[in-house]
Amino acid sequence: GTSGRQIFQPLHTLRNAEKELLPGFHQFEWQPALKNVSSSWDVGIIDGLSGWTTFVEDVPADTISRRFRYDVALVSALKDLEEDIMEGLRERGLDDSVCTSGFTVVVKESCDGMGDVSEKHGNGPAVPEKAVRFSFTVMSISIRVEGEDDGITIFQEPKPNSELSCRPLCLMFVDESDHETLTAILGPVVAERKAMMESRLIISVGGLLRSFRFFFRGTGYDEKMVREMEGLEASGSTYVCTLCDSTRSEASQNMVLHSITRSHDENLERYEIWRKNPFSETPDELRDRVKGVSAKPFMETLPTLDALHCDIGNATEFYKIFQDEIGEVYQRSNPSREERRRWRSTLDKQLRNKLKLKPVMRMNGNYARRLMTLEAVEVVCELVPSEERREALKKLMELYVQMKPVWRSTCPSRDCPDQLCRYSYNSQQFADLLSTTFKYRYDGKITNYLHKTLAHVPEIIERDGSIGAWASEGNESGNKLFRRFRKMNARQSKTFELED
């Protein structure tokens, strides 16, 4: 890297060409004017707590946070895409002088907490060790032309999961589990977003004033954040899913047949029921009525499946199955902790020797991708005594490898149409294997992501056209940059690799 040389100049030394790229440079207006949002447009970086009305009783949030005003940031993003918009109109054979209204912009929102962001060299102010980043990606821009029913897409983000298309809106030093502080800071963002949905943005694009409306889709959240934003119980809850009302034991009995029922509005209604208990039920009955909604939903998210964490969650599950198969758990009860530890170290050794896969403390994306391969399962099978069990393991992984591209790819109907067609069938086969051969693990329990992988993928794809494109990866990659700019590398500890 560049040592000692400061890459990021302070704002006042930026050249004008660079200032154009920062929010707060371009003029715009809203029709009608945004409720409770100032109409000034030349607003740059603001304090993350501004727009938060304090009451006398309120303890001011003790945190450092910076953000752009949401509308100002969106304008900056659109001006950044000005050439793409004009090009899109030309390619579609549309006369740009006629196309001044009817533009629709679809925005993906992502929000993710990051652990440990303390300074490594002791410079800079003392801040909490955690941060949360909220960002957005312009996914597509389309236009409705007179006499046409459907919108014509004139821009589609080619790399929706790159940190380059993922625009930071708010950076805050706060722990994502500190619900009060998090909601205090994102409160104004939610308010601005709500105001923008009821209005049209007027900006100059290609020399003419044009009007845009916005749709926001909060899909870039991991399950923890979704549950927090939508008022659901934490992920260990009996209510296993953020998309449907299934309980964990129902989900393990019926692995495939569920449909998406939860929504932000329904969560709000359920919260009211939880609060008022209109039928005077016992806590258990009430909780069953509201299906685990026990806090006020704060921000609307679009229930989906987070592709990255899905990978990680399922790999963790397979890693545990591998251990159990090495120890032949299917034919015995309650192995001791020592035995389990022994199987685990046998598995780790094998993976390291044959696949150069170093054990990791917490499953991460790269490890997951290497573990979930036919090659890895071959290697594990060398440790599994029974031929029958080896076949079952290989079959399980074959099915998984067939299923994975469907929720991974940006556009499954284009990239893997065959796997998409076979998905329901494959997931049914997969579920059958789990509930028979691997029953010892799935008796009355199933992990959240495995349930979603088996039960909800086809429906989400039917609705959104993709799961991968709407995932939180762009925001996650941005986290890397955040660490980089703070001259702070994630702890690179060598301790774990020295084990065994």
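I count a charge as sitting over a ring if NZ of Lys or CZ of Arg is within 6 Å of the ring centre and within 35 degrees of the ring normal. With that criterion I looked up arginine 389: its charged end sits over the ring of tyrosine 330, 3.7 Å from the centre. I also noted arginine 217, which lies over the face of tryptophan 470 at 4.2 Å from the ring centre.

Basis of the entries. The model is predicted, so I note that local features need pLDDT of at least 70 and side-chain atom pairs count only at pLDDT 80 or more, while totals for chains, interfaces and linings use all residues. Residues are numbered from 1 along each chain as its sequence is written, and side-chain values use heavy atoms, with hydrogens and water left out.

Aromatic pairs. I describe a pair of aromatic rings by the distance of the centres and the angle of the planes. Rings of Phe, Tyr and Trp (its six-membered ring) pair if their centres lie within 6.5 Å; planes under 30 degrees apart count as stacked, over 60 as edge-to-face and the rest as tilted. By this rule I find 13 aromatic pairs. Tyrosine 70 and phenylalanine 134 form an edge-to-face pair, because their ring centres are 6.4 Å apart and their planes stand at 85°. This pair links distant parts of the chain, 64 residues apart: tyrosine 70 is in helix H2 (residues 70-80) and phenylalanine 134 in strand E5 (residues 131-143). I take helices (H or I, at least four residues) and strands (E, at least two) as DSSP runs, numbered from the N terminus.

Tyrosine 70 is buried at 0%, and phenylalanine 134 is buried at 1%.

I next looked up phenylalanine 318 and phenylalanine 322, an edge-to-face pair with 6.1 Å centre to centre and 70° between the planes. Both lie in helix H9 (residues 307-326), 4 residues apart, about one turn of the helix. Phenylalanine 318 and phenylalanine 322 are both buried.

Which residues do ring pairs link into a cluster? I list Trp30, Tyr70, Phe134, Phe136, Phe214 and Phe216.

Domains. An automatic or database assignment supplies the domain bounds. I record domain 1 as 13-220 + 474-489 and domain 2 as 230-469, with C-alpha centres 32 Å apart. Contact (heavy atoms within 4.5 Å) involves 14 residues of domain 1 and 13 residues of domain 2. The two domains bury about 1100 Å² between them, 60% of it on carbon and sulfur atoms; buried area is the accessible area (1.4 Å probe) that two parts lose on being put together, summed over both.

Backbone. I note that most residues other than glycine have a negative phi, and most peptide bonds are trans. A cis peptide bond joins glutamine 31 and proline 32, with omega about -10°. Proline 32 is in the loop between strand E1 (29-31) and strand E2 (45-47). Asparagine 36 is placed in the loop between E1 and E2; its phi is positive, near 60°. Asparagine 36 is exposed, at 83% relative accessibility. Glutamate 328, in the loop between H9 and H10, has a positive phi of about 50° although it is not a glycine.

Technical notes:
Buried means under 20% relative accessible area, exposed over 50%, partly exposed in between (1.4 Å probe, protein chains only).
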